[in-house]
Amino acid sequence: MQSPTPFARIGTRGSPLALKQAELVRSRLSAAHGVDEADIDIEVFSTGGDRSQKENTTLSDIGGKGVFTREIDDALLSGRIDIGVHSSKDVATAMPAGMQLAAFLEREDVRDAFISVTVKGIDNLPQGARFGTSSIRRAAQALRLRPDLQIVPFRGNVHTRLQKLLDGVADATLLAMAGLNRLGEGHRATAVLEPHQFMPAPAQGAIGLAVRADDSRLADLVAKLDHGPTHAAIAAERAMLAVLDGSCRTPVGALTRWEGDRLYLEGEILSLDGQSSFQAQDSGTDPEAIGAAVGQALLDQAGTDWLARWAAT
Ligand SMILES: NCc1[nH]cc(CCC(=O)O)c1CC(=O)O
């Protein structure tokens, strides 16, 4: 039911995971501000990333930056909605002028899950097994351990991918634990992967709230939902990604942890076949500075022409 004068209008994609996340944000907003959930509208948008799901395209094919957010960004900037709810890992580092990721809910499990209906782990896959993923990061990480694997394109929402496994389209896949948990499907994980071997995507597992940069009412509204440690970690990971071009054409992993007040960031870039990789790490108290330093250290090792040599075309 659309309220005539909603307290806030939330914009989201329409996948089951995106809707769950939007509903979570609505319930948090309602609790934080003492308003009825019925006074918070959820508006669903189809993004370019959603429309290309049926094709055998990788995310780098469909243009990368902003492909899962553009329609929601436009609605935010035009004032049709007040808050864009995103999986932060799908948000390009270069955001449109006039908007910002202002708040982050507490992060879910950052790790990737290995899922198979036939084997217990990646080591148990038979020679030349079909590994379903359209993520160049996950493909590179899997190929690093198992260069014999045959990577097969695997798109669609979480349930579609789980069904494809049951249908035998691939022998195994990787999915974010965060998405599985939010959908109540965490039990589908065959194994949770060690996050240094399978470093998560920068900002994986964190719901981000985008608002218009000039709107202080909205900034205050979402500030109550912000989880400080998550916000700082995402800032560091995204700052690292920004130095590394910020596109999804290159396999990039990031992992943060706290030791007291000190934030540690580890970063990794891989060649598409996973046979070359570079790692760097730094720590400190300024998230943006840590991220920039790790990104630069990775670039220094890989050489300035790394993107041309390693990027998906
Ligand atoms: N690109 C799709 C996407 N975007 C965010 C998540 C998972 C949830 C999250 O990272 O917050 C997923 C699915 C997946 O990678 O398994």
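Two strands are said to pair if DSSP finds at least two bridges between them. Strands (E, at least two residues) and helices (H or I, at least four) are DSSP runs, numbered from the N terminus. In strand 13, for example, G284 is the bridge partner of L263. The structure discussed here is a predicted model, in which local features need pLDDT of at least 70 and side-chain atom pairs count only at pLDDT 80 or more, while totals for chains, interfaces and linings use all residues. Residues are numbered from 1 along each chain as its sequence is written.

**Domains**

The protein chain is divided into domain 1 (1-107 + 203-226), domain 2 (112-192) and domain 3 (228-313), with bounds that come from an automatic or database domain assignment. Between domain 2 and domain 3 the C-alpha centres lie 24 Å apart. Their contact takes six residues from domain 2 and 11 residues from domain 3, where two residues are in contact if their C-beta atoms, placed from the backbone, lie within 7 Å. On the side of domain 2 that touches domain 3 there are three nonpolar, one polar and two charged residues. In these classes Ala, Val, Leu, Ile, Met, Phe, Trp, Tyr, Cys and Pro count as nonpolar, Asp, Glu, Lys and Arg as charged, and the others, Gly among them, as polar.

Strand 11 (residues 252-259) and strand 12 (residues 262-270) are joined by eight bridges, and V252 stands opposite I269 in strand 12. Strand 12 and strand 13 (residues 277-284) also pair over eight bridges, with E268 opposite Q279 in strand 13. The hairpins that link these strands each have a glycine with a positive phi, as the table shows.

| Hairpin | Residues between the strands | Glycine and its phi |
|---|---|---|
| strand 11 and strand 12 | two residues | G260, near 65 degrees |
| strand 12 and strand 13 | six residues | G274, near 75 degrees |

Another open sheet has five strands in the order 7-6-8-5-9, and its pairing is mixed. Its edge strands are strand 7 (150-152) and strand 9, each of which pairs on one side only. Strand 5 (residues 112-115) runs antiparallel to strand 9 and is joined to it by two bridges, and A113 stands opposite V192 in strand 9. Helix 5 (residues 158-166) packs on this sheet, touching strand 5, strand 6 (130-132) and strand 8, and its direction makes about 160 degrees with that of strand 8.

Which residues are around the ligand? They are S87, K89, D90, L175, A176, A178, G179, Q204 and G205, each with its C-beta atom, placed from the backbone, within 6 Å of the molecule. Strand 8 (172-176) and helix 6 (177-182) are the elements that give two or more residues to this shell. By class, the shell has three nonpolar, four polar and two charged residues, and it draws at least three residues from each of domain 1 and domain 2.

A203 is found in the loop between strand 9 (191-192) and strand 10 (207-212). Although A203 is not a glycine, it has a positive phi of about 75 degrees. Most residues other than glycine have a negative phi. A203 is buried, because 28 other C-beta atoms lie within 10 Å; the term applies if 20 or more other C-beta atoms lie within 10 Å of the residue's own, with 12 or fewer for exposed, partly exposed in between, and C-beta atoms placed from the backbone.

A206 has its place in the loop between strand 9 and strand 10, and it counts as buried because it has 25 C-beta neighbours inside 10 Å. Leaving aside its neighbours within four places in sequence, A206 is in contact with S88, F104, L105, R107, T230 and I234. A206 and A219 are 13 residues apart in sequence and 18 Å apart in space, C-alpha to C-alpha.

Notes: Axes are lines fitted to C-alpha atoms, for helices over the stretch in contact, and angles run from 0 to 180 degrees between N-to-C directions.
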